[in-house]
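Thanks for coming. I'll go through a few local features, one at a time. Have the viewer open.

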Amino acid sequence: MTFRVWFFTEMPYPHLPPESEYESVRVSLPNRYYDPKLGQSDYNDYFELYKLADAVGLDLMLNEHHSTPTCMDVAAPISLGILARETKHARLLLLGNPVGNRREPVRVAEEMAMCDVLSGGRVEVGLVRSVPYEVTPQNSNPVTLRARFWEAVDLIQHAWTSHDGPFAWQGEFFEHRHINIWPRPMQTPHPPIWIASQSPSGAREVAEHGFKLACILNGTQRAKELFEIYRSTIDAGGRDVTSDLGYTALVAVGETDREGHDAGVLLREMLGVSKIGPQFLDPPGYADARQRAVAFPGRLKGEGLSRSVAHMATMSIDELIDRGIMFAGSPQTVVDQLQRFYKQVGGFGHLVAESHAWAMPFDIAASSLRLLGEQVAPRLADSFAE
Amino acid sequence: MSDSWTNRLAVTRHGDGDAVVFLHGEDGLLFSEDLISRLAEHFTVHCPIAPGWSDHDLDSQQKSIGDLSYLYLDMLEGSFNSPVPVIGVSLGAWLALEICVKRRDVASRLGLVSPVGVGTSTDRSLDFVDIYAVSPAGVDQALYSAHGSRTRSDRAQDLDQDDLVRLARAEQSVAYYCWEPYFHNPQLAGLLHRVQLPTCVIYGTADRFVSDPSYHHKIGALLGENAQTCAIDGGGHRVFEESPEQVANALLQFFTLDASA
C-alpha cells in the first residue's frame, strides 16, 4: 500500500466583521460583506498553494459548500478543472460533489469525466449527501435527501460505465430518456469513488457499496470505530482495505515544534467559526425523528445546537493532538504523532491534511505544506509501506 | 371498502352525535385537543391521522397533499353512507380542498380554519413565512398572535418523550409535503371553483404566517358564491389553538345555519 497525503483548504473568506454583527455564518450572511477584490486575491493564493502542494509531492483535495464565507469553492468542479491543467502529478480528489442536493447527477458524471480526461486520469470523485445547513440554500428536501443521494450515486456510476449508446432512467427522483455522456472517464471502469461519513450507519452503508470511506475531524476513538465498522462490513474478497480509508485532520508542520504549534493555533481558528442559526442546523428529516426529539424542547427555544466541531475550538493544541484532531509540530514530531494515530485506529491509507484554514497567512501555510510534502509524507509512506 | 386506507390511516373518534371529520394540521392532533373537545360536545368527531403523523411511516407513493387526498377519499367513501361535514385546520384545510376538488359528494360542507395550500402570490414571493429559514422564535411569531399566546415551543416543554417524537415526526412529515412547492399546490387555485360546497373560511385577523393579509378572502373568492369568511379578531394563524372556543362556535354556527337552510 502507498500511503498518500493530500493537501486541503476550504478556500475561506476570513475578512468578516465581528461575530456579534451577524446571526449566522452559514446560509443567511449577506454577501455585502464580500469584497470581490479581496476574494480574487484569496483565490490566487489558494491555487498557488495547491500548485505548491503538487510540486512537493502531495495529492490535492477540494470540497464544496454554499452560502458561507467558510468555503469559497462553491463550484468545485471548476476548481478541479483548473487543477487538472495547472498540476502535473497529484491525484485530485473532490470530496465531495453534493449530489444529494444537485438536481442533475448526469451533469456531475459529465463534469467528473471531463476533469478525469483533462488530468490524464488523476481524478478521484467524492460524493456527499451534504451538511444539514445546505438544504435550505439548495432548496433540497431534507426528508428524502438520503434516498435521493443513493439514487444519484447509482445514476452517476451507470452513466460512467455505459458505453453502448443512450440508456433511459426511470427512478424515484430522476428521470431521463437519453443518457449518453461524452467524454467518458479515462480511468476504467470509472474514477475511484469516496464517500464521507461521520456515523456508524453511514460507514456501514459506504462499505456495503464498496466505496472508499473518508472521516473528517472525528478524533481517534470515533475514527477507529468507523474504520472497524467499515472493515467488518465490506466484502473485499480478502483484499486489505486499508487503502480505502481516509482521515481528514488539521496538520501544521514547522521547522521546530514551536513553529508547528503556532501554525496549529492559526488552524484552530476555523473550528470557532461556527455561529449558525439553529433553524439551519437541524432541518426536519435530516436526522432521525427519535434523535431530534431528544433535543426538541431546547431547540424550539433556540438553545443548545452548534456545529459538530464547535466544541473543539476551545481545546488546547495539545488536547487536539491527543484526540487525533490535529497533528502539529516539527516534521519528526508530526510523523511520530501520525504513527501513533495510525496504530490506534488500526491503519488507514490516506491523510487529508487541512494545512491551511481560515485566516492563516499564505507564507505560513506554504512553509507548512512544503515541510509536509518534503519531510513528513515520504517518512509516512516508508513507515506504512507494509 | 378496501384495506387501502384502513392499514394506513389511524382514526380516533371523540364524542357522540352526528359525524364530522376533523383533518389535523401540521402538528397532528397535538395542541388541537381543546378544539376537538369542544366539537365533541356536539358531534362524533372522526380524526384520521395521516401516515407520518401516526405510527405509520410516510409512504413514498404519496408525494404531495394531492396524492394524500386519495387515501382520505377512500376513507370518506368507506366510512360514511352520506356526505359529512369536514373541518380542516391549516394543512388539514389544504387537504380538505384537495379532496373536494376531486369529488363533490363526500363532504356536505367545509369548515376551513387558517387554510394553506393555495398559491395566490403574483410577484414570485412566498405566500407564507419560510419556517425553515427563520429562528424558532420567528416561527412562533409567524404562527401565533402577539397576545402572549402559549406557543408550540412553550407547550413542547411539557410534552413527554413519546409526544416529542410525535412532534419530530410531524415536522418531518410537514417538510416532506411542504418543502417544495412551499406549502401550496400551484394548480389548486385554478381548481377551487370545483368545490361548490357551503364553505366557511375561518381565520385570525393577526395571522402572520400568510404574507398577504387578504389571503383568506382570496381563497373565499376562488371558492365562489358558496363560500363565506369568518374573522376571529386578533387571532393568529394557530387561531384554533389560541381561541378554540371562538373557532368551535364559528363552526357550530356555520354548520347549524347550513343544516337549517
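Start with Phe183 of chain B: its relative accessible area is 1%, so Phe183(B) counts as buried. Keep in mind that this is a predicted model. Where does Phe183(B) lie? Find the loop between α7 (161-178) and β7 (184-185) of chain B. Now look at the backbone there. Phi of Phe183(B) is near 55 degrees, a positive value, and the residue is not a glycine. Why flag that? Because most residues other than glycine have a negative phi.

There is another case in chain B. Ser114(B) has a positive phi of about 45 degrees, and Ser114(B) is not a glycine either. Ser114(B) sits in the loop between β5 (107-113) and β6 (117-118) of chain B. Buried or exposed, this Ser114(B)? Buried: the relative accessible area is 0%.

Next, peptide bonds. Most are trans. Over in chain A, the bond from Leu95(A) to Gly96(A) is cis, with omega near 0 degrees. Gly96(A) belongs to strand β3 of chain A, residues 92-97. Then go to Trp182(A) and Pro183(A). A cis peptide bond joins them, and omega is about -5 degrees. Pro183(A) is in a loop, between β6 (175-179) and β7 (193-196) of chain A.

Back to chain B, for strand β2, residues 18-23. How many of the 6 residues of β2(B) are buried? The count is 5, so the strand is largely enclosed by the rest of the structure. Let me show you its partners. One is strand β3 of chain B, residues 43-49: the two run parallel, joined by 4 bridges. Look for Val20(B), with Val45(B) opposite in β3(B). How does the chain get from β2(B) to β3(B)? Through helix α2 of chain B, residues 33-40, in a right-handed β-α-β crossover.

Another partner is strand β4 of chain B, residues 84-89. Here 3 bridges join β2(B) to β4(B), and again the strands run parallel. In this pairing Val21(B) stands opposite Val86(B). As a reminder, side chains in a regular strand alternate between the two faces of the sheet.

Now the rings. Over all chains, the structure holds 24 aromatic pairs. Take Tyr342(A) and Phe348(A): a tilted pair, 5.7 Å centre to centre, with 40 degrees between the planes.

Last item: charges over rings, in chain A. Arg32(A) lies over the face of Tyr33(A), 5.2 Å from the ring centre. Lys275(A) puts its charged end over the ring of Tyr22(A), 5.8 Å from the centre.

That's the tour. Questions, please.

Definitions and conventions:
Residues are numbered from 1 along each chain as its sequence is written. Chains are lettered from A and ligands numbered from 1 in the order in which they are written. This is a predicted model: local features need pLDDT of at least 70, side-chain atom pairs count only at pLDDT 80 or more; totals for chains, interfaces and linings use all residues. Side-chain values use heavy atoms; hydrogens and water are left out. Buried means under 20% relative accessible area, exposed over 50%, partly exposed in between (1.4 Å probe, protein chains only). Two strands pair if DSSP finds at least two bridges between them. A crossover is right-handed if, with the strands pointing away from the viewer, the path from the first strand over the helix to the second runs clockwise. Rings of Phe, Tyr and Trp (its six-membered ring) pair if their centres lie within 6.5 Å; planes under 30 degrees apart count as stacked, over 60 as edge-to-face and the rest as tilted. A charge sits over a ring if NZ of Lys or CZ of Arg is within 6 Å of the ring centre and within 35 degrees of the ring normal.
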